[in-house]
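Biologist: I would like to learn how to read a model of this kind, beginning with the ligand and then moving on to the protein itself. Could you take me through it step by step?

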Amino acid sequence: MSDHTLAAKAIQWYDENARDLPWRRPGAGAWAILVSEVMLQQTPVARVLPVWEEWLARWPTPAALAADTPAEAIRVWGRLGYPRRALRLHECAVALVARHDGEVPADVEVLLALPGIGAYTARAVAAFAYGKREPVVDTNVRRMVARAVIGAPDAGPATTAADLVATASLLPAEPALAARASAAFMELGALVCVARAPRCPACPLVSTCAWRLAGAPPPEGPTRRPQQYAGTDRQVRGLLMAVLREAHGPVHRSRLDLVWADDVQRGRALAGLVADGLVEPAGQDPDRFILAGDHGIAP
Ligand code: SF4
């Protein structure tokens, strides 16, 4: 099977099986797609959907978000996790207004120069918003390519340049078709060629998959354990952020003390939030805190 036959099979499967997601609908627009791509990193679709809808209803353009405070972006982000992404999206909106008249650029190099836009997001926006022929490589695509093309049980350590070249070689020459193939690869990796137990009987690539043809060898080495959440600094940060999001004004340290008993861990989590720019002291008082940029609200 030629590489482009692989793409053709994936596209046909995608046309029949893709999930109907609002950011994929015609006319969604580059800003809506950019926001979805940032939110979907490390976060399942079901959790992203309501936050994406609220975000786009409130800030349908980069200019609308740039005119609001970072604190409001963090509030709407809610419990989506990794809230630095909300801060980076706000910074990105400000940069889009300052440098690009509030429009999302189509060129990968220009996109890469924006705050919070990395190799994956830049190419996803170029492909899905502007129909460009760009390899879009997330964890799911790397795994699917490793199995279907290379015959490995899983993707090796990320080597961005090599991954981009390997995936680009699978894309049809015509840009719009290449963009559709990229979407199809991502969907296949997310729904069928999943990490633990790939659903090979439902896969359009099953008859030619290199890993299957090699007898489906198991991965070597220990299986990676899922990340723990309970008891981590990440959990403490989440609890502190929940109090600050709901407060709509300065919060005294004594209120934050209630969320976690361990003084050292709580202090470390709060210091981390301040260092990340998500939280800041309220004025001159070192014992009261607000979300980033949440000024002008009476205590
Ligand atoms: S046949 Fe199985 S392992 Fe191969 S690409 Fe499809 S789902 Fe993945």
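Biologist: Which residues surround the ligand, and what space does the ligand take?

Modeller: Keep in mind that this is a predicted model. The space that the ligand takes is the largest cavity, and around the ligand stand Arg147, Ala148, Val192, Cys193, Pro198, Cys200, Cys203, Val206, Cys209, Trp211 and Arg212. Helix 9 (139–150) and helix 12 (210–213) are the elements that give two or more residues to this shell.

Biologist: How many nonpolar, polar and charged residues does the shell around the ligand have?

Modeller: Sorted by class, the shell holds nine nonpolar and two charged residues, with no polar ones.

Biologist: At what angle do helix 2 and helix 8 pack, and which residues meet there?

Modeller: For a helix pair one reads the angle, the distance and the hand together. Helix 2 (residues 30–40) packs against helix 8 (residues 119–130) at about 140 degrees, their axes being 9 Å apart, and the crossing is right-handed. From helix 2, Ala30, Ile33, Leu34, Glu37 and Val38 meet residues of helix 8 that include Tyr120, Ala124 and Phe128. By class, this contact has 10 nonpolar residues, one polar and one charged.

Biologist: Where does aspartate 276 lie, and which residues does aspartate 276 touch?

Modeller: Aspartate 276 is in the loop between helix 15 (263–275) and strand 2 (279–282). Leaving aside residues up to four places away in sequence, aspartate 276 touches Arg84, Leu87, Arg88 and Arg237. Although aspartate 276 and arginine 84 are 192 residues apart in sequence, their C-alpha atoms are 7.3 Å apart in space.

Methods
Residues are numbered from 1 along each chain as its sequence is written. This is a predicted model: local features need pLDDT of at least 70, side-chain atom pairs count only at pLDDT 80 or more; totals for chains, interfaces and linings use all residues. Side-chain values use heavy atoms; hydrogens and water are left out. A residue is near a molecule or strand if one of its heavy atoms lies within 4 Å of it. On a 1 Å grid over the protein atoms alone, a cavity is a set of points where a 1.4 Å probe fits but cannot get out, and a pocket is an open set with protein on both sides within 12 Å along at least five of seven lines; lining residues have an atom within 4 Å of a point. A molecule sits in a cavity or pocket if more than half of its atoms lie within 2 Å of its grid points. Helices (H or I, at least four residues) and strands (E, at least two) are DSSP runs, numbered from the N terminus. Ala, Val, Leu, Ile, Met, Phe, Trp, Tyr, Cys and Pro count as nonpolar, Asp, Glu, Lys and Arg as charged, and the others, Gly among them, as polar. Axes are lines fitted to C-alpha atoms, for helices over the stretch in contact, and angles run from 0 to 180 degrees between N-to-C directions. A crossing is left-handed if the near helix is turned anticlockwise from the far one by less than a right angle, and right-handed if clockwise. Contact means heavy atoms within 4.5 Å.
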